[in-house]
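Subject: Structure handover and pocket notes

Hello,

Here is the structure for your files. My notes on the pockets, and on one residue, follow below.

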Amino acid sequence: MKKLFKKYLPLWIILGSLLVATMMISAKPRAKANIQKFIPPVVETQTVISQEYQVTVESQGTVVPRTEIQLMSEVSGKIQRVSSKLQTGAKFDKGDPLIYLEKRDFELSLISAGSSLSQARVNYEREKAESELAAKEWEKINGGKASDLTLRKPQLLQARAILAAAEAVYEQAERNLSRATIRAPFKGRVRQKMVDVGMVISPGLAIAQIYATDYVEISLPIAEQDLAFLGIPLDGSFIEKKSQPYVELFTEFGGEQLSWSGAIVRSSAE
């Protein structure tokens, strides 16, 4: 019997294991389904009323002058004096004298132009009188049709042309004399001074870099989704004053909060 048991020991072990596993599976507890009850969320409702709402669009940019130029002289000359208003950072008003050139050369040119103008006027009046006299003499002698040369018409036209040229030279001399004092073309400030006393300047030579302070611009980038709130044309045309969106500008300078009022006047090309 023992030999038979040892012989079939693996089989008995397998059968015992199957029996124990069957008993354990049969004795396990049954799982109960846990069904949670749905509780609807609490929602507050409100009646929608149509009304106007002011949208605020925020942006930031750098202040730049609308007008900034290199100040240049229209005539050549030696700088005699530089105004204190042409120093770097200084401010000036429209028409303020900034640079004084030596005037003597311009005064001499004006005297010479005046002398030529007087001679041209005398010559014209003389030719005019001689032309009238020639016409009267011709009527006494012949009374027929006279040639232009007989009536001195070419000489009169030439005298008139010389007079016009002399008047132009005199006017140019006057303008050059007035340009010996270089004045500010607008109200503004000096960014950089490039000349000083004793220098000889000529047309095309930069004297100073200046900019206007009466009107400034700020380029404000706007997000694409905010453009619809502005209601402005995007073709670069000037916006009518009544349709310009209001802008309130803020900055901090020297520890102080500053503010200005402005308006959007046009869109840029970007």
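What volume does the largest pocket have? The figure is about 1700 Å³, and please keep in mind that the model is predicted.

The lining of the largest pocket consists of 42 residues. Those nearest its centre are I218, L220, V247, L249 and I264. Two or more lining residues come from each of β1 (63-65), β10 (216-218), α5 (227-230), β11 (246-253) and β12 (256-263). Of the elements, β11 contributes the most, with six residues. Sorted by class, the lining has 25 nonpolar, 11 polar and six charged residues.

The second largest pocket holds about 220 Å³ of space. Its lining is made up of V63, V64, P65, R189, R191, Y211, A212, T213, V216 and W260. Here the elements giving two or more residues are β1, β7 (188-193) and β9 (206-212). The top contributor is β1, with three residues. By class, this lining has seven nonpolar residues, one polar and two charged.

Is E139 buried or exposed? E139 counts as exposed because its relative accessibility is 59%, and the cut-off for exposed is over 50%. E139 and V169 are 30 residues apart in sequence, and their C-alpha atoms are 39 Å apart in space.

Regards

How values were computed. Residues are numbered from 1 along each chain as its sequence is written. This is a predicted model: local features need pLDDT of at least 70, side-chain atom pairs count only at pLDDT 80 or more; totals for chains, interfaces and linings use all residues. Side-chain values use heavy atoms; hydrogens and water are left out. Buried means under 20% relative accessible area, exposed over 50%, partly exposed in between (1.4 Å probe, protein chains only). On a 1 Å grid over the protein atoms alone, a cavity is a set of points where a 1.4 Å probe fits but cannot get out, and a pocket is an open set with protein on both sides within 12 Å along at least five of seven lines; lining residues have an atom within 4 Å of a point. Grid points are joined across faces, edges and corners, and a volume is the space filled by probe spheres set on the points. Helices (H or I, at least four residues) and strands (E, at least two) are DSSP runs, numbered from the N terminus. Ala, Val, Leu, Ile, Met, Phe, Trp, Tyr, Cys and Pro count as nonpolar, Asp, Glu, Lys and Arg as charged, and the others, Gly among them, as polar.
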